[in-house]
Amino acid sequence: MKKVRKAVIPAAGLGTRFLPVTKSIPKEMLPIVNKPTIQIIVEEALKSGIEDIIIVTGKGKQAIENHFDYDAELERHLSEQGKEEQLNAIQHVSNLANIHYVRQKEPKGLGHAISCARTFIGDEPFAVLLGDDLTYSEEPCLKQLIKQYEKKECSVVGVQPVPTEEISRYGVIDPAEKEHRLYRVDSFVEKPQPEEAPSNLAIIGRYVFTPEIFTYLEKQKEGKGGEIQLTDAIEAMNELQSVFAYQFEGQRYDAGEPLSFLLTNISFALEDKELREPMLKELKKLIEKSELHHTS
């Protein structure tokens, strides 16, 4: 069995939910406290044992490459100013990982974006991490999935329950047998309406695939939204080669919608030792001020 050494991070989306800011700034560069979301994703991959990462970009995404590149002028300026903490922070980013890039030339959906990485992946198993989903756990979410892949030698997707009113935003599983947190899956359904959903277990932006997924992605016809849907390819593969679902341990944060993005920022700030107390103090002031304003 080959080790999972490579990961694909799709980052070619248009980020329309965050317009107008994403007209000039990639959504993946929007900060969670002081780190862009894509850096948090890369760090999870590395903590999970990933050695090489390919980021699938699109038009106007140069800021992502710049972020992970060296900036000699900035480093020299920080060094001359004696700002060692900031210097170490940007050098850490530049030295994070072996990062490669490929461009998705047309916005044909998530499934198509992943297929753009086929040459880079070759015949190896690989991970996929989506930037809209951030996770927090003692053992990284992706590492948990890799362990399940090593047990079953089959593709595994991460799932967690979601509220009924949010089901239509996700791929959803129809679970069969359950072994602790691991499900054998009867079917995968892309963005069903709540009344049609087979369960409330949604696929949450973490996957480990055998390389056979590329065969199904290449054959896949356009699905919902006129795009090549990854969930549809997973469903096709599951008919001949089992794809498992694992309800990972830990907290999932949604960075894909403006409100949830703001709440994720607050949650991460409250986990920061230096920010927690002043953050709580200022939030209390804001709430009191807002209540006073709306009752006067």
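Buried means under 20% relative accessible area. Keep that cut-off handy for the exercises below, and bear in mind that this is a predicted model.

**Exercise 1.** Work out how many residues of helix H9 are buried, and which ones.

*Solution.* Start by finding the helix: H9 covers residues 230–238. Next, check each of its nine residues against the cut-off, and you'll get seven that are buried. Now name them: Leu230, Thr231, Ala233, Ile234, Glu235, Met237 and Asn238. So H9 counts as mostly covered, since buried means under 20%.

**Exercise 2.** Find the cis peptide bond next to proline 20 and say where proline 20 lies.

*Solution.* First, look at the link between leucine 19 and proline 20: omega there is about 10°, and the bond is cis. Then place proline 20 in the chain. You'll spot it in the loop that runs between strand E1 (6–10) and strand E2 (31–32).

**Exercise 3.** Take histidine 180 and decide: is it buried or exposed?

*Solution.* Begin with the backbone: phi is about 60°, a positive value, although histidine 180 is not a glycine. Its place is the loop between strand E9 (171–179) and strand E10 (182–190). Now the surface: the relative accessible area of histidine 180 is 62%. Exposed means over 50%, so histidine 180 is exposed.

How values were computed
Residues are numbered from 1 along each chain as its sequence is written. This is a predicted model: local features need pLDDT of at least 70, side-chain atom pairs count only at pLDDT 80 or more; totals for chains, interfaces and linings use all residues. Side-chain values use heavy atoms; hydrogens and water are left out. Buried means under 20% relative accessible area, exposed over 50%, partly exposed in between (1.4 Å probe, protein chains only). Helices (H or I, at least four residues) and strands (E, at least two) are DSSP runs, numbered from the N terminus.
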